[in-house]
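Here is a friendly walk through one protein chain. Take a look at the model, and then let's go through it together.

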Amino acid sequence: MAQPDNKKFFENLTGAGKSIAVLTSGGDAQGMNAAVRAVVRMGIYVGAKVYFVHEGYQGMVDGGDNIKEAKWESVSSMLQVGGTVIGSARCKDFRTHEGRLKAAHNLVKRGITNLCVIGGDGSLTGANLFREEWSGLLAELVQQNLIDEEAAQKYSALHIVGMVGSIDNDFCGTDMTIGTDSALHRIIEVVDAIMTTAQSHQRTFVLEVMGRHCGYLALVSALACGADWVLIPEMPPEDGWEEKMCQKLSAKRAGMKRLNIIIVAEGAIDRNNQPITSEHVKNLVVQCLGFDTRVTILGHVQRGGTPSAFDRILASRMGVEAVLALLETTANTPACVVSLCGNQSVRLPLMECVQMTQQVQKAMDEKKFEEAVRLRGRSFENNLRTYKLLAHRKPESELPHSNYNVAVLNVGAPAAGMNAAVRSAVRVGISEGHKMFAVSDGFEGFYKGQIKEIKWADVGGWTGQGGSLLGTKRTLPAKYIEKIAEQMRKYNINALLVIGGFEAYLGIMELLAARGIYEELCVPMVMVPATVSNNVPGSDLSIGADTALNAITDTCDRIKQSASGTKHRVFIIETMGGYCGYLASVGGLAAGADAAYIYEEPFDIRDLQSNVEHLTEKMKTSIQRGLILRNENSNENYTTDFIYQLYSEEGRGVFDCRKNVLGHMQQGGAPSPFDRNFGTKIAAKAMQWITKKLNESYRQDEGRVFANTEDSACLLGMRRRAMVFQPVVQLKDETDFVHRIPKEQWWLKLRPLMKILAKYKTSYDVSDSGQLEHVALNRPRESEATAAI
């Protein structure tokens, strides 16, 4: 079938005759191995030679066995390993001209002119300098008779692509750097554990987290755990902060709260650029309040451990994109970094990003703190604004009074992060002057009148709780519309915020349909998607999906490890999702699966047969374990049992099989940092929209709210790079109501990546890739996807 002209497929790009070297430099970060694996496999896949450079730039300078050719099997089983298995070192030699000359000689000897550097801004700046000096270095090598003129001509241009590996998320131009999400996982695990002991003894804990020049980790973990106070370098506290902080801690204790959490970035400073240490904060609390106070310094724990699902997917996508970028570079292409904007990979000029990153430090040195926050980007600004909004309650006298009543309810199956969204909505609503009402048990509780006012303190400590504390049911409202209208009249509900999955979406549609009969339903309504299945139209991501992905990835890691003592074994694993294959596909990419069977991509017995043959072939090499994921409703006849029996029979004598149904463990557990923050920020945005709509639709003459337009009932979703309010009515055409999935799903484009990294020949549409963009100081819209974190 002829492909349309406007599409670009990577099969037309070839790496034949090219050599690519990959190195990790600077501080290590979880996910670096996933990036290395993706570069090696994608490079080999397109026909290039790929080399490991061990020990970063030091290995490049020293040469010898430090630069080794990589094979496909060299990167097996490294996806789930933290740190970097090819080593990283800070290298003084590379900073000298002689060191770079040696490095150039070592690369030319092996015919390497494509370099993929995974590191922070220092490592990437060094790579760019190396590229700029390249022709001069080659001329020197010719002069010294170390290489001949022919080699100098043949290898005349050095191409560089960078990926940012840094747990601090301190690089401008990307929403998330590789390692940041995993570091947040480590911090949140510690905070959750500390909260239980602090509560027992009524203690105050001061936690010091990494971030010498960037407060991202401190700020986001404070947002994710609802910390009482946070100190970061970009926005030092106002003078007299000590007294304010102690007043706040004291007020919390007076309000029956048994613990306080203060988070300090290691680079925290005051307005005079003097350091604020965790010890200083502890002494302040002890002297002013006499509270039992302890300091916990997290240190290198944040760098360790296995990478999160998010980091594995990010690193795998970036690694593949980096190879594509190297294949497309010409002698005139500037060095670029591949980075993330929303849920899209983009290419940006390396030095533009580095210069903006350096401007942040300059602004901080010059005490232009507002400017420093602005330069960090919209994601950082938004985090800071949301934290201030939720952490510090204004006195009653300062709050506006709106006379509006807003109801919040959860609908559908529970999803981790729902409680964070409810907390955020309640607190933002109160800050905007509304009276907030909590509805228990979804629409069922609504018609039964299980509605009560909910106050600021009622939602304290909710961010870290899994499930739904309000209670949630799948009941749809159509049968009970009259009773729901009656309850809305009784409690004078002026707006609705519905947090839930596909049932919530259907529910809002049913309420809309009844507006003609019941005027009580003519109020602003907004839905925030929250479901592990990630199957709600109008949004690329849903609250709860990231936690479910981490549960799948962790389980797959354990299952694979269980086979380390056996010869050859294949695991068939069934995931949730209804008819939506998101968890199976993206979980498969994060866990390094060989195949993922989903409803959206029909398969038959021939596909199953070719998968078995492919695995059999792989098992004859050093690869010993296979992983197959199957979405629960992928096919009514090719069940998990059928696939298990087929693989067992066809693989007899080569590998044996085990099967595992993950079930409801994917819905439970404490929410991941991503889901806590995504829930917090998306619900805050939804509440601000509600306030705007209430003010627009208030009829002064009648003294009531009346909203009956299409855009008064919206779904707030993450679309590519922006958060968008979309009228629910307009989403009808995008929905497959029979299978409860959107007709188009962005993540299907990631499926070829999983196949490529598992050595399948496949087609891969790279039409979205390849455009070198420029760093915008503020992106057109808030790119809150990953900015959501």
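Contact, as used here, means heavy atoms within 4.5 Å. This is a predicted model, in which local features need pLDDT of at least 70, side-chain atom pairs count only at pLDDT 80 or more, and totals for chains, interfaces and linings use all residues. Residues are numbered from 1 along each chain as its sequence is written, and side-chain values use heavy atoms, with hydrogens and water left out.

Let's start with N128, which sits in helix 4 (residues 121-143). Helices (H or I, at least four residues) and strands (E, at least two) are DSSP runs, numbered from the N terminus. Setting aside neighbours within four places in sequence, N128 touches I160, A335, L350 and M351. Is N128 buried or exposed? N128 counts as buried because its relative accessibility is 5%; the cut-offs are under 20% relative accessible area for buried, over 50% for exposed, and in between for partly exposed (1.4 Å probe, protein chains only).

V337 belongs to strand 10 (residues 336-341). With a relative accessible area of 1%, V337 is buried too. Its contacts, again leaving out neighbours within four places in sequence, are L124, G162, F171, V346, R347, L348, L350 and C353. Along the chain, V337 and Y404 are 67 residues apart, and their C-alpha atoms are separated by 48 Å.

## The chain as a whole

How many helices and strands does the chain have? The count is 24 helices and 27 strands. The radius of gyration is 27 Å, close to the 28 Å that the globule rule gives for 789 residues, so the chain is as compact as a globular protein of that length. That radius is taken over C-alpha atoms, and the globule rule is 2.2 Å times the number of residues to the power 0.38. Along the principal axes, the C-alpha atoms fill a box of roughly 90 × 70 × 50 Å.

Of the 789 residues, 62% are buried. Among contacts with a separation of 6 or more, 79% are between residues 24 or more positions apart.

## Covered strands

Strand 4 (residues 114-119) is largely enclosed by the rest of the structure, because 6 of its 6 residues are buried. Both of its faces are covered, with N114, C116 and I118 buried on one side and L115, V117 and G119 on the other. Two strands pair if DSSP finds at least two bridges between them. Strand 1 (residues 19-24) runs parallel to strand 4 and is joined to it by 5 bridges, with I20 opposite N114. Strand 5 (residues 159-164) also runs parallel to strand 4, through 6 bridges, and its M163 is the bridge partner of I118.

Further along, strand 13 (residues 435-439) is mostly covered, with 4 of its 5 residues buried. Strand 12 (residues 405-411) pairs with strand 13 in the parallel sense over 5 bridges, and N405 has K435 as its bridge partner.

## A covered helix

Helix 19 (residues 582-591) has 10 of its 10 residues buried. What covers these buried residues? The cover includes helix 10 (309-328), helix 18 (545-562), strand 18 (569-575), strand 19 (595-597), strand 20 (625-631) and helix 23 (751-757). After helix 19 comes G592, with a positive phi near 75°.

Most residues other than glycine have a negative phi. E55 is not a glycine, yet its phi is positive, about 60°. E55 lies in the loop between strand 2 (49-53) and helix 2 (56-62), and at 35% relative accessibility E55 counts as partly exposed.

N492 has a positive phi as well, near 50°. Its loop lies between helix 16 (481-490) and strand 16 (495-500), and N492 is partly exposed at 42% relative accessibility.
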